[in-house]
Amino acid sequence: MNSTVTCELHVRLVVSSESSLPIPASLRYDTADPYAVQAAFHTGDEETVDWVFARESLAEGLHRPTGIGDVQIWPSRSHGMDVVCIALASEEGEALLHAPAKVLESFLRRTDAAVPPGTEGGHLNLDLELSRFLAES
């Protein structure tokens, strides 16, 4: 049986070294896709920017820099608070986000309770994933 873990939070979009904007965000972890965390950044009334992160990368980013290419994650401090910096790059542009470390840590603990790290492979439905893959080809 699949289950989901969700989290609503506010991240800060860093505009400059002096300025940032609050952005509501939603995180979603589905045990049917045990390696991934889906993130939706709410940029307008009905508009979102959606990204998918490796759960392992988010967890590692709490403690040390991780990632290459279009997603890089590292721990930092901002205005006296522990944050996780998430740098995103795509053809549409780049963004630097600050997420509250305690909120991410709590969310990841709940995902770990749903699917302990290292056991993700036992939660995959390989037949379903293969049929999805072949349908996209």
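**View 1. The buried cysteine C85 in the predicted model.** C85 is buried, its relative accessible area being 3%, in a structure that is a predicted model.

View 2. A disulfide is a covalent bond between the sulfur atoms of two cysteines. The closest cysteine sulfur to that of C7 belongs to C85 and is 17 Å away, which is too far for a bond, whereas a disulfide would require the two sulfur atoms to be within 2.5 Å.

View 3. Seven strands, arranged in the order 4-3-2-1-7-6-5, make up an open sheet in which the pairing is antiparallel. Because strand 4 (48-54) and strand 5 (71-78) stand at the edges and each has a single partner strand, one side of each is left without a neighbour in the sheet. From one strand to the next, the twist averages 30°.

**View 4. The pairing of strand 3 with strand 4.** Strand 3, which spans residues 36-42, pairs with strand 4 in the antiparallel sense, and the pairing extends over seven bridges. Within this pairing, A40 stands opposite D50 of strand 4.

**View 5. Helix 2 across the strands.** Helix 2, formed by residues 101-114, lies across strand 1 (4-14), strand 2 (20-30), strand 3, strand 6 (81-90) and strand 7 (93-100). Relative to strand 1, helix 2 runs at about 160°.

Note on methods
Residues numbered from 1 in each chain as written. Predicted model: local features only at pLDDT ≥ 70, side-chain atom pairs only at ≥ 80, totals over all residues. Heavy atoms only, no water. Pairing = 2+ DSSP bridges. Helix = DSSP H or I, 4+ residues; strand = E, 2+ residues; numbered from the N terminus. Axes fitted to C-alpha atoms, helices over the stretch in contact; angles between N-to-C directions. Contact = heavy atoms within 4.5 Å. Buried < 20%, exposed > 50% of the residue type's maximum accessible area, 1.4 Å probe, protein only.
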